[in-house]
Amino acid sequence: MRLAPDLPPSVRRLLFEAGVEAEPPIERRIFTNRDLNFDNVPVVGFDMDYTLAVYDQDAMEALSIACTIDKLIARGYPERLSKLEPEPHFAMRGLLVDKRLGNVLKQDRHGYVGRAYHGLRALAKAERRATYRTQRLGGERERFVPVDTLFALPEVTIYANIVELLDRHPELWSGDRPSYAEAWDDVRACIDEAHRDGTIKDRIRAAPGSFIERDADLGPTLHKLRSAGKRLFLLTNSLLPYTDALMTYLLGDAMTAYGSWQAYFDWIVVGARKPTFFREPAAFVELDGTGEPSGSEVAVPQRGRIYQGGGQEGLQRALGVHPDEVLYVGDHIYGDVVQSKKSSGWRTALVVQDLEHELAVRRDFAVELADIEHLHRLRAQLAERLSQLRHVGRTLERFEAADVVAFGADPGEADVLLETSRANLRRRYDRTRAYFEEVQAALERREAAVDRAFNPYWGSMFAERHETSWFGAQVEDFACIYTSRVSNFLFVSPSRYFHAPRGRLPHFEVFR
Ligand SMILES: [Mg+2]
């Protein structure tokens, strides 16, 4: 049974309570990169920010901009920055900032730069290729900064606007103007400060409802996992007061069977310092209800208590299962998924909230996408034919009348024959060339329309032209499964076998 995407959560929950196994709307499916038998996973862990807690990205961007701009102006940046309007589409995950040149880039899985902006201006193809054609990016750690968390997106928008001001209105700086690289470091420092001194988190704590979506399916999802005998843990870098405010908002009164959010979890670790948590052993400090250390430090956390710090090794001992029987659900490619996979051996689920929009566009533009696929194949065929015709043309140019006679032509007609063949070939070439250009133009028009729907600046987050994007490749390489939100587990059986599509190399296709 397929559920309509707009079915109210209360109705969906009713169906679930009634034991109706329903196929979710496409936006809420779970996708598999690597086989995972959920039946063999007795322990499931969760990150909090952007995983259990789904932030409203527009509200977060407005808040981050408001909290950061004041700090930048205090450092001598122009007052005009206070007029900066949020542009929720400009930044997305998987981009790369080139600090030295003030550019923001999107790469495909091979590191080819497919799109680039200098400030808010798109680089033309020639300029982009001249700048980034030969280098393998990312190697220069000082110069290139990956944008891999949703918390980092507002930085990119602020930075691009500062680059614009530096280029267009240098007179707004009274003293020395910062270089592009210094401007990036200043933006980073100001946002860090706003996170550290509580400017941002205090505002969210005071009104979680303005920044976080309360997902009515979340409580029932965790309950379903627990009812199937799985044990759950919370592992977050946020400190207890903030964690408590958000989790109370999300789960505090979600289900009558649970008196508090803590009741959903067997183990709770806050202030975990991931990714260091996965690499270095450290003691767990037990906290009292107010978030203050209650004195005892332990190597292995106990159930039903709240700890700060610690390391993966100690937590693993507490869980009492083999590492590959643990599924960790997080949103941060590096901090949650790459590190935990490399150092801990846990299986990983990545939450990518943008996936809902991505899938909605793929559904709404299915016909256009099929058309693009077809035009792309056609263009490749035509390009191959053009190169064949060029090769024949060059060969024919080198021929002389004597060669044609040697192949058996009448000497009196050799010149005419050669000329006619050349003229025929030119006509064929011109016709094919015109067709190629028509297909190319149609392809560009359709791609532009679909790209605008994905993201007006960058197109699809998971693809770059006809290749997987850098971000998409990371999702594929590091996440065993991925989905748009935690509550999508409500739609799958706790003993589901997640099957990955079978791996393929081009030569596998030969014998199909
Ligand atoms: Mg997170």
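User: Which residue of β15 stands opposite V270?

Analyst: In this predicted model, Q308 in β15 is opposite V270.

User: What makes β12 and β15 a pair of strands?

Analyst: Two strands pair if DSSP finds at least two bridges between them. Three bridges connect β12 (residues 267-270) with β15 (residues 306-309), so the two strands meet the cut-off of at least two and count as a pair. Their sense is parallel.

User: How do you know that β11 and β12 pair, and which residue stands opposite W267?

Analyst: Strand β11 (residues 231-235) is joined to β12 by three bridges, and at least two are needed, so this is a pair as well. The two strands run parallel. F233 is the residue opposite W267 in β12. Together with helix α9 (residues 240-251), β11 and β12 form a right-handed β-α-β unit.

User: In which sense do β13 and β15 pair?

Analyst: Strand β13 (residues 284-287) pairs with β15 in the antiparallel sense, over three bridges. Within β15, Y307 is the bridge partner of E286.

User: What makes β1 and β14 edge strands?

Analyst: The open sheet has ten strands in the order β1-β20-β17-β16-β3-β11-β12-β15-β13-β14, and its pairing is mixed. β1 (31-32) and β14 (293-298) each have a single partner strand, so one side of each has no neighbour in the sheet.

User: Why is β12 described as covered on both faces?

Analyst: Buried means under 20% relative accessible area. W267 and V269 on one side are buried, and so are I268 and V270 on the other.

User: What makes α11 largely enclosed?

Analyst: Helix α11 (residues 312-319) has eight residues and six of them are buried, so the rest of the structure largely encloses the helix. The buried ones are Q312, G314, L315, Q316, A318 and L319. Just after α11 comes G320, with a positive phi of about 70 degrees.

User: Why are D47, D49 and D331 called donors of the magnesium ion?

Analyst: Donors are N, O and S atoms within 2.8 Å of this metal. D47 (OD), D49 (O) and D331 (OD) lie 2.1 to 2.2 Å from the magnesium ion, so they are within the cut-off. Their spacing in sequence is D-x1-D-x281-D. D49 is in the loop between β3 (43-46) and β4 (54-55), and D331 is in the loop between β16 (326-330) and α12 (333-344), so this pair ties together parts 282 residues apart in sequence. D49 and D331 are both buried.

How values were computed. Residues are numbered from 1 along each chain as its sequence is written. This is a predicted model: local features need pLDDT of at least 70, side-chain atom pairs count only at pLDDT 80 or more; totals for chains, interfaces and linings use all residues. Side-chain values use heavy atoms; hydrogens and water are left out. Buried means under 20% relative accessible area, exposed over 50%, partly exposed in between (1.4 Å probe, protein chains only). Helices (H or I, at least four residues) and strands (E, at least two) are DSSP runs, numbered from the N terminus. A crossover is right-handed if, with the strands pointing away from the viewer, the path from the first strand over the helix to the second runs clockwise. Donors are N, O and S atoms within 2.8 Å of the metal (3.2 Å for Na, K and Ca); water is not among the atoms, so sites may look incomplete.
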